[in-house]
Amino acid sequence: MISSNDFRPGVSIVLDGSVWRVVDFLHVKPGKGSAFVRTTLKNVQSGKVLERTFRAGETVPQATLEKSTMQHTYKEGDEFVFMDMETYEEGRLSATQIGDRVKYLKEGMEVNVIRWGEQVLEVELPNSVVLEITQTDPGVKGDTATGGTKPAIVETGATIMVPLFISQGERIRIDTREDKYLGRE
């Protein structure tokens, strides 16, 4: 159990049978009446955002999350096979469990899998990955005055916007949180 006075951004709690993460909180002590904590919560599974008010000192169950480092070994059908780096056990996750960042997942990549009990809540990819461009239009010389961009397809199949001077076969660094080009490798 955790007190509402101890809420901080990033704290996970169990509310109505699902895990919610505290995004923002404000401890309010009005001139008349008792103090309360106004929070903004985000559902870890669905991404739904909720604003909720708790009495000061009210206790709620804290979610016990387990984080393990796993390596993506191969893809079999619609499932991605991962190996736990500590126990060397295999586990399988679907694309829906991994989320939209599955487009940057490459064989041999290490990820953090966050579980609540036996349920997979989140798969954290590295903040940036290096991937090779497999297809893009050739850049036109002298056409970079405006700092234009063009679409490029990387080896995992994801499409990312890159500067005009980038060509096919180059390796680039991509920010997986914002789907942005960071630079050449």
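The protein splits into three domains, with bounds taken from an automatic or database domain assignment, as the table shows.

| Domain | Residues |
|---|---|
| domain 1 | 2–60 |
| domain 2 | 65–124 |
| domain 3 | 128–184 |

The C-alpha centres of domain 1 and domain 3 lie 41 Å apart. This is a predicted model: local features need pLDDT of at least 70, side-chain atom pairs count only at pLDDT 80 or more, and totals for chains, interfaces and linings use all residues. Residues are numbered from 1 along each chain as its sequence is written, and side-chain values use heavy atoms, without hydrogens and water.

UniProt, in an unreviewed entry, places "domain: Translation elongation factor P/YeiP central" at residues 67–121. Such annotations may be inferred rather than shown by experiment. This span is 7% helix and 56% strand, and its end C-alpha atoms lie 10 Å apart. Helices (H or I, at least four residues) and strands (E, at least two) are DSSP runs, numbered from the N terminus.

Now the cores. A nonpolar core is a set of buried Ala, Val, Leu, Ile, Met, Phe, Trp, Tyr and Cys residues joined through side-chain atoms within 4.5 Å. Buried means under 20% relative accessible area (1.4 Å probe, protein chains only). The largest nonpolar core has 25 residues; Tyr104 and Phe82 are among those that touch the most other members. Elements giving two or more residues to this core include β8 (79–84) and β10 (110–116). β12 gives the most, with three residues. Domain 2 and domain 3 both contribute, so this core lies between them.

Tyr104 has contacts (heavy atoms within 4.5 Å) with residues including Met109, Leu131 and Ile174, not counting residues up to four places away in sequence. A second, separate core has 11 residues, among them Ile2 and Phe54.

Definitions and conventions. Buried means under 20% relative accessible area, exposed over 50%, partly exposed in between (1.4 Å probe, protein chains only).
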